[in-house]
Amino acid sequence: MNGFLILSEFFSDAELDAVDADIERFWNDRSDANPLVVDITGGNRNGQRVHQRTLNPDTRRIPHKLNDLYLESEPCRSLVLEERLAARLPELLDDEPVVINSLGPTQGSQQDPHFDTYFVPPPVENQMVVSSICFEDTHPGAGPLTYYPGSHRLKPFRFASGGLFPGEECLGEATTYVRDLIKEAGMEPETFIGSKGDVFLWHAQPYHGGLPIVDTALT
């Protein structure tokens, strides 16, 4: 009804720690056999996309997203395809789920509020679910997820193509449109402060973003 579903204590410490160990292994693999790619989202290299193997492991604390780990990591793939999680998705999607990507951020995104369809438009509108998995207890100062409950029901902004994906078109008009609708509807943002093992599932269209990171030492 509100565009999200929280599954508390869904994954065990052992399942999550196995993925963490594999991430550590890839960070220490400087060979060409490591195909993983990192999007840097902070610091003086913000906006760059680079091969993980070219980054010194000591620099991993800069804000970044590790792309598509599930393609290379069996523990990550097992987490993403976990039977109990996969079983919840058909009722939300009205169809069988397929995995399209994974993002592994170590720090909060600090993204302005947005719709995921701006960046990853599903082939069928409204038939996408994001699963955000907590690998540790979330701290309010770490730049946690913020979202507007019920915002998936707002009439979406249509870009020049008629779709929800902006392409090269400026997002300014769309942002103004959405903010006006949210104000008119009296919607207020909430913050997700999850515990290790929690899963936050959200619909393709809730308006959400990342709060500012108060303490950069926090992951």
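Me: Where does glutamine 110 lie?

Reply: Glutamine 110 is in the loop between S5 and S6. Helices (H or I, at least four residues) and strands (E, at least two) are DSSP runs, numbered from the N terminus. This is a predicted model, in which local features need pLDDT of at least 70 and side-chain atom pairs count only at pLDDT 80 or more, while totals for chains, interfaces and linings use all residues. Residues are numbered from 1 along each chain as its sequence is written, and side-chain values use heavy atoms, with hydrogens and water left out.

Me: Why is glutamine 110 called partly exposed?

Reply: Its relative accessible area is 37%. Buried means under 20%, exposed over 50%, and partly exposed in between (1.4 Å probe, protein chains only). The value for glutamine 110 falls in between, so it counts as partly exposed.

Me: What is the phi of glutamine 110?

Reply: Phi is near 55 degrees, a positive value in a residue other than glycine. Most residues other than glycine have a negative phi. Glutamate 9 also has a positive phi, near 50 degrees. Glutamate 9 sits in the loop between strand S1 (4-7) and H1.

Me: How do you know whether glutamate 9 is buried or exposed?

Reply: Its relative accessible area is 67%. That is over 50%, so glutamate 9 is exposed.

Me: Which residues of H1 are buried?

Reply: They are Leu16, Val19, Asp22, Ile23, Phe26 and Trp27.

Me: Why are these buried residues said to line one face of H1?

Reply: Look down the axis of H1: its buried residues fall within an arc of 145 degrees, so they line one face. The arc is that of the directions from the helix axis to the C-beta atoms.

Me: What do the buried residues of H1 pack against?

Reply: They pack against strand S4 (64-67), helix H2 (74-80) and strand S6 (129-133). Contact means heavy atoms within 4.5 Å.

Me: What makes arginine 25 and aspartate 22 a salt bridge?

Reply: A salt bridge is a side-chain nitrogen of Lys or Arg within 4 Å of a carboxyl oxygen of Asp or Glu. Here the N to O distance is 2.8 Å. That is within 4 Å, so the pair qualifies. Arginine 25 and aspartate 22 are three residues apart in H1, which means about one helical turn between them. Residues three or four places apart in an α-helix point the same way, because there are 3.6 residues a turn.

Me: Are arginine 25 and aspartate 22 each buried or partly exposed, and how do you know?

Reply: Arginine 25 has 43% relative accessibility, so it counts as partly exposed. Aspartate 22 has 10%, so it is buried.

Me: How many salt bridges does this rule give?

Reply: The count comes to nine. One of the pairs joins arginine 88 to glutamate 91, with the closest N and O atoms 3.8 Å apart. Both residues lie in helix H3 (residues 83-93). Asp13, Asp17 and Lys196 are linked in a network of salt bridges.

Me: What makes glutamate 91 exposed?

Reply: Its relative accessibility is 57%. That is over the cut-off, so glutamate 91 counts as exposed. Arginine 88 has 31%, so it is partly exposed.

Me: Why is glutamate 82 called buried?

Reply: At 14% relative accessibility it falls under 20%, so it is buried. Glutamate 82 lies in the loop between H2 and H3. It touches Phe10, Phe11 and Glu15, not counting residues up to four places away in sequence. Its side chain also meets that of arginine 84 in a salt bridge (2.9 Å, N to O).

Me: Where is arginine 158, and which residues does it touch?

Reply: Arginine 158 is in the loop between strand S7 (145-147) and helix H4 (172-185). It touches Glu125, Gly163 and Leu164, not counting residues up to four places away in sequence. Arginine 158 has 40% relative accessibility, so it counts as partly exposed.
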